[in-house]
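The sequence and structure come first.

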Amino acid sequence: MKVLEIKILRGPNYWSVRRTKLIQMKLDLEELEQRPTNHIPGFRERLEKLFPSMYGHRCSVGKPGGFFQRVDEGTWMGHVIEHVALELQTLAGMDTGFGRTRGANEKEGIYYVVFTYLEEDAGVYAAKAAVRIAEALVAGEEYNLDDDIQKLREIREDTRLGPSTGCIVDEAAKRNIPYIRLNKQSLVQLGYGVHQKRIRATIASTTSNIAVDIACDKEETKMLLEAAEIPVPRGTVVRTEVGLDEAIEKFGYPLVIKPIDGNHGKGNTTNITNREQALKAFEAAKAYSRSVIVERFITGFDFRILVINHKFICAALRTPASVIGDGEHTIQWLIDETNKDPRRGYGHEKVLTQITVDGSTMKMLEEKGYSLETVPPKGELVLLKTTANLSTGGTSTDVTDEVHPANIFMCERISKIIGLDICGIDIMATDLRTPVNENGGAILEVNAAPGFRMHIDPAEGLPRNVAEPVIDMLFPKGTEGRIPIIAVTGTNGKTTTTRLTAHIAKSAGKKVGYTTSDGVYIQNHLMMKGDCTGPISSTFVLKDPTVDFAVLECARGGILKSGLAFQNCDVAIVTNVAADHIGLGGIYTVEQMAKVKAVVPETVFPHGYAILNAEDDLVYKMKNDLRCNVALFSMDENNPRIKEHCAGGGLATVYENGFISIMKGTWKIRVMAAKDIPLTYEGKAVHNIANCLPAVLATYLYRDISIDDIRQGLLTFIPGESLTPGRLNFFHFKNYTFLADFAHNPHGLQLLCDFVSKLDYKHKVGVISGTGDRRDEDIRELGEISARHFDEIIIRCDKNLRGRTADEIIALLKEGIENVNPTVPTKVIANENEALEYIYANPVPGALYTIMCDVVAGALDKIRELKDREDNSSPN
């Protein structure tokens, strides 16, 4: 078998709109295509022995054991690999279940194996490991599954959001608040555009920087609290051994020594009872900070109070990792038995973390005169860690309901004294049922970025949804942190529709970010150049903190490569579906292409609208699978689909009696005469009239965009290099004219030629090309269309030939020309710049040269250069 490619789908995609996190592996079974599982002796037995838990896979049979039944009946290895990849992740603590295996329609034996993942890197590893496992099972070789499972656990812990960040993100998702992970660590954006907030672990964009600085300086924190009559341990800051000795003499034993700006218990040593221990603790703390705190050790229990938005939320009792002696077994045996608790797992995968033996553990045992082989007396508590962190094997017990009102008041006051809106307060006291200032307890630390795991998954007591008050603080009830999103897809016209829609919104005062096939624009400033119709470009807009309205062009390539960047949009426009890019990315029919385009309207919110072309059968058919409102557009108000739709109270835009009009049921709103819209070139550019229809309707759907705003937008959208680069761009030279357009497929070229046929030029020359990754018939058709409409043809080639030779492309274009009009003068100049130079040197007076642009920016730059040359060479 051979893995041909692996794609990571991160958003709504061709396989599933709802299941957005998918691995798509293209796999060549090679000789195994001829060997289904029932033709491989012992395969079922070996598979079940390695994966007994796979019995729960129902597969298409729909009952436990269903997958094994399929194996017995005979299924192909791609299907097996799909299930193995899912089970591998599940065994590593990432429960996954959705998968699909389908033929790639290229040649026999090539399949797309698709399955869900929780963490990208783990999903990719599972894909590759599943292939290795399948090969071993086929060959009857032994395979060490434990290594793969452990590796997947390590990948998961390295790449996943931590439990604190993760629970906030999950809570946001419940509130329909979108999120974008901004790095590989814990920096996350919640919400889009101007409404976004950020979190890093449990520090929010609302959290005061000064407060975090104070909390990270333990001595400063202690000083502020002491000045506010908050009980804190007596202590001091030292930097030398002399200072340490003075502190010991002043405060006596037992002591706590810790770095002044440490966190997570690093460098902390507690219950120090002699100078030798104090010196070791001093050196340990100095490893993290030049200055060290020495303070009186407060006896009691370790409590953590969580305060969010200056309100008490919950409390937990924390116990360091420990074992209890039974008088019979060694400490190592007791640790191993404790780790067998099913609630303990690797890293953060379960409620509790397994206890590991490290240097700190050995040091604590040595100080007691113990080793791992020591058998402690029955009932003795043997502490294995100096701190009660859950990540080192500690446990937590929820005690929220036991906290005295005075302690609640004190903790809420502490959060305001320090200024932290998400605040963890460490208290050492005999209990929290009585006021801390009465039971001899003290505030040990105030923590910025407090861990939430102890509260959301306590070992004992009620779990607390501590993420909810964080989300309530960042996004008050009734807000979702979203901005309006209009998504535009289709084969042709989508860039112009996107630009016009964005312009209308801008005319209405919106701060618009939009993506197109020639760049990303933030409030009309070009931020990124090139084809920007994929998820990276959409994410760029959604991350921009100045944008309050997004119009996103969503092309086939991005959807197939990694899915959409957003889970939902408010309005989706589908312009049309034509035979372009057929044969690429596993798409071999126009019907399959329609399924790709349909991903966009399928993401529309139930209250939103999908705006569909009523004249396109494949687009119109999409309405049957949508769960949102549907609006239609058509160049014919008498289109039966429009009439039926509007008779039922539906919404549509049509071209009627020379006007672009909105249909609301039986009512009609005439927006503007098409000939008055600059984009239509006095009504001659019929395809641009069609592009106006969905743009008008999409913006009309927003209550704060008026008909006057729409009219103003239509009037001020002046076609040209600035607003519509590569779309009907005219360059008037002294004796001839260039018309540059991005028409790159038969459907687009036909629309362009329809427009050219209405222009009054005595000689029309087409400068045409064919794209190498299109089908033979598509390239041939470009030649046929050109032969019908141009008096003369110049053939040139794209800069990127995309898998073909120039001779192949030229030959196909010539075939098309000869099929229609073998007498039309045809010249071959392979390079685009050379073709433009040839025209400049040999112009036909009064001619229109229509150029199918390859790289729009490059072609326009070259034409401008020629125009400057002509202007500079002309006498004044």
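A residue is called buried under 20% relative accessible area, exposed over 50% and partly exposed in between, with a 1.4 Å probe and protein chains only. The model is predicted, so local features are given only at pLDDT of at least 70 and side-chain atom pairs only at pLDDT 80 or more, while totals for chains, interfaces and linings use all residues. Residues are numbered from 1 along each chain as its sequence is written, and side-chain values use heavy atoms, leaving out hydrogens and water.

**Overall**

The chain has 876 residues, of which 56% are buried. Its C-alpha trace spans about 105 × 70 × 60 Å along the principal axes. The secondary structure consists of 29 helices and 38 strands; these are DSSP runs, numbered from the N terminus, with helices (H or I) of at least four residues and strands (E) of at least two. A contact means heavy atoms within 4.5 Å. Of the contacts between residues at least 6 apart in sequence, 68% join residues at least 24 apart.

**Surface and charge**

Accessible areas come from the Shrake-Rupley method with a 1.4 Å probe, and for residues only the protein chains shown count as cover. The accessible surface of the chain is about 36900 Å², and carbon and sulfur atoms hold 49% of this area. In counting charges, Lys and Arg are positive and Asp and Glu negative, with His and the chain ends not counted. Each charge is placed at NZ of Lys, CZ of Arg, CG of Asp or CD of Glu. The chain carries 102 positive and 116 negative charges, and their mean positions are 3 Å apart.

Patches are made of residues with over 30% relative accessible area and no salt bridge; like charges are joined within 9 Å, and nonpolar side chains (Val, Leu, Ile, Met, Phe, Trp, Tyr) within 5 Å. A positive patch is formed by Arg18, Arg19, Arg100, Arg102, Lys595 and Arg627. Arg18 sits in the loop between strand S1 (2–9) and strand S2 (22–28) and is exposed, at 63% relative accessible area. A nonpolar patch of about 260 Å² is made by Ile324, Leu381 and Leu383. Ile324 belongs to strand S15 (residues 322–324) and is exposed at 53%.

Within H20, the buried residues include Gln592, Met593 and Ala594. Their cover includes strand S22 (485–489), helix H19 (556–562) and helix H21 (617–621). Thr603 lies in the loop between helix H20 (590–598) and strand S28 (604–613). Is Thr603 buried or exposed? Thr603 counts as buried because its relative accessibility is 0%. Beyond neighbours within four places in sequence, its contacts are Pro12, Val17, Leu564, Phe566, Gln567, Asn568 and Cys569.

**Salt bridges**

A salt bridge is a side-chain nitrogen of Lys or Arg within 4 Å of a carboxyl oxygen of Asp or Glu. The structure holds 52 of these salt bridges.

| Pair | Distance, N to O |
|---|---|
| Lys26 and Glu106 | 2.4 Å |
| Glu656 and Lys668 | 3.5 Å |
| Asp676 and Lys675 | 3.3 Å |

In the salt bridge between Lys26 and Glu106, Lys26 is in strand S2 and Glu106 in the loop between strand S3 (99–103) and strand S4 (110–116), so the pair ties together parts 80 residues apart in sequence. Lys26 is buried at 13%, whereas Glu106 is partly exposed at 36%. In the salt bridge of Glu656 with Lys668, Glu656 lies in strand S30 (residues 651–656) and Lys668 in strand S32 (residues 667–673), 12 residues apart. Glu656 is buried at 1%, and Lys668 is partly exposed at 37%. For the remaining pair, Asp676 is partly exposed at 37% and Lys675 exposed at 54%. Elsewhere, salt bridges with shared partners join Lys222, Lys258, Glu295 and Glu445 into one network.

**Backbone geometry**

Most residues other than glycine have a negative phi, and most peptide bonds are trans. The peptide bond from Tyr253 to Pro254 is cis, with omega near -5°, and Pro254 lies in the loop between helix H9 (241–251) and strand S10 (255–259). His310 has a positive phi near 65°; this residue is in the loop between strand S13 (301–308) and strand S14 (311–319) and is partly exposed at 21%. Gln523 also has a positive phi, of about 50°. Gln523 is placed in the loop between strand S24 (519–522) and strand S25 (525–529) and is partly exposed at 30%.
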